[in-house]
Amino acid sequence: MAEPDPVVEAVFDAVAATAPTIRDALPGRRVESGTENPSGETVLAGDVYADELLAEALGAVEGVGSFVSEERPEAIEVGGAVGEGGEGAYAVAIDPLDGSSNLRSNNAMGTVVGIYDAPLPATGRDLVAAGYVLYGPITTMVVADGSGVREEVIERGNGGDGDADSGVARSVVDDDLTLPDEPTVYGFGGRVPDWPDAFREYAREIEDEFKLRYGGAMVGDVNQVVTYGGVFAYPALSDAPDGKLRLSFEANPIAYIVESMGGASSDGSKSILDVEPDGIHDRVPLHVGNEELVDRLESALDG
Ligand code: AHG
Ligand code: MN
Ligand code: MN
């Protein structure tokens, strides 16, 4: 097994160390901030808080040269570059608070992280690692770092697997996360009348075979598929042919994680990781899960 990349490890140490602080900050930050993000969406106080905390924590990691966030129009250069000219430095793209509309309804949310060894926008093939934190009944972190996928439980306090002074206790609860062979759940975003006909027909078949699990936060819904097997999609819509989710900091990291677990991803015709972006906020239709279900989707859309 390859030696862990120290910069990747340091990024996820920083993400784990901030998770309890973000979680504790949520009760007081359910209100709108009064601003819109580069995708034109309402930004909540929780989005702003998570973005600023993670920008500071990740910008301080030696080996991180630039930082991209759902909440910021452009990449920001940060001091952690390795070489003189910043060569060798990684670019980190984050969704600081995924599913923040669940703040009001008190449902699951998360943080998504992609670590690229190329300037952004880049394809998912330039990812060296990806992960997500899930703020559910407990806080977990799933990390794919090129040598498999692990799941950690993150708690306040010291001890566990985390280093003593990080203020968090980290326990690896699964060091080889793989998709269950038998799929059991599905979750599809958007409204049925807005789905293209071919997707709606595929969804009708899937609905007859599996149980619906859709909670309105990609990280929570993907974690259902990661845990129980199945398929998650936020498909192309009639009025939004690129779907809703952003490639750099939602679709690519999730696709990298699910493909690292033996699953598959698709934009409708090919792996998400092969999608060539123009900008860091490009949207893409996202479908991920068990390979057989993603293959069936691509056949249905190709019909
Ligand atoms: P974000 O809160 O980071 O903007 O992400 C929200 C996304 C994603 O988490 C979820 O899959 C999707 O929005 C849900 O969209 P709908 O509200 O249309 O279901
Ligand atoms: Mn999101
Ligand atoms: Mn978000």
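## A look at the fold and an annotated spot

The protein chain shows about 12,700 Å² of accessible surface, and carbon and sulfur atoms hold 47% of it. Keep in mind that this is a predicted model.

Let's start with the overall build. Seven helices and 15 strands make up the secondary structure of the protein chain. Its radius of gyration is 18 Å, close to the 19 Å that the globule rule gives for 303 residues, so the chain is as compact as a globular protein of that length. If you boxed up the C-alpha atoms along the principal axes, you'd need roughly 50 × 40 × 35 Å. Of the 303 residues, 54% are buried. Among contacts with a separation of 6 or more, 63% are between residues 24 or more positions apart.

Now for the annotated spot. UniProt, in an unreviewed entry, puts the feature "binding site" at E70, D95 and L97. These residues span 28 residues in sequence, yet no two of their C-alpha atoms are more than 8.9 Å apart, so they gather at one spot. E70, D95 and L97 also belong to the lining of the largest pocket.

Where does E70 sit? Look in the loop between β3 (64–69) and β4 (76–77). With a relative accessibility of 6%, E70 counts as buried, because the cut-off for buried is under 20%. Leaving out residues up to four places away in sequence, E70 touches N37, P38, E41, I94, D95, P96, R246, F249, E250 and H281. With one of these, N37, the side chain of E70 makes a polar contact of 3.4 Å.

D95 belongs to strand β5, which runs over residues 90–98. D95 is buried too, at a relative accessible area of 0%. Beyond residues up to four places away in sequence, D95 has contacts with E70, G110, T111, V112, F249 and E250. F249 and E250 turn up in the contact lists of both E70 and D95.

What about E292, buried or partly exposed? E292 is partly exposed, because its relative accessibility is 45%, between the 20% and 50% cut-offs. You'll find E292 in helix α7, residues 291–302. Between E292 and M261 there are 14 Å in space, C-alpha to C-alpha, and 31 residues in sequence.

| Residue | Relative accessibility | Class |
|---|---|---|
| E70 | 6% | buried |
| D95 | 0% | buried |
| E292 | 45% | partly exposed |

Technical notes:
Residues numbered from 1 in each chain as written. Chains lettered and ligands numbered in written order. Predicted model: local features only at pLDDT ≥ 70, side-chain atom pairs only at ≥ 80, totals over all residues. Heavy atoms only, no water. Helix = DSSP H or I, 4+ residues; strand = E, 2+ residues; numbered from the N terminus. Buried < 20%, exposed > 50% of the residue type's maximum accessible area, 1.4 Å probe, protein only. UniProt positions renumbered as here; feature names shortened; annotations may be inferred. 1 Å grid on protein atoms, 1.4 Å probe; cavity = no way out; pocket = protein on both sides within 12 Å on 5 of 7 lines; lining within 4 Å. Contact = heavy atoms within 4.5 Å. Polar contact = N/O pair within 3.5 Å; in protein donor to acceptor, adjacent residues only side chain to side chain. Rg over C-alpha atoms; globule rule 2.2 N^0.38 Å. Areas by Shrake-Rupley, 256 points an atom, 1.4 Å probe, with all protein chains shown as cover.
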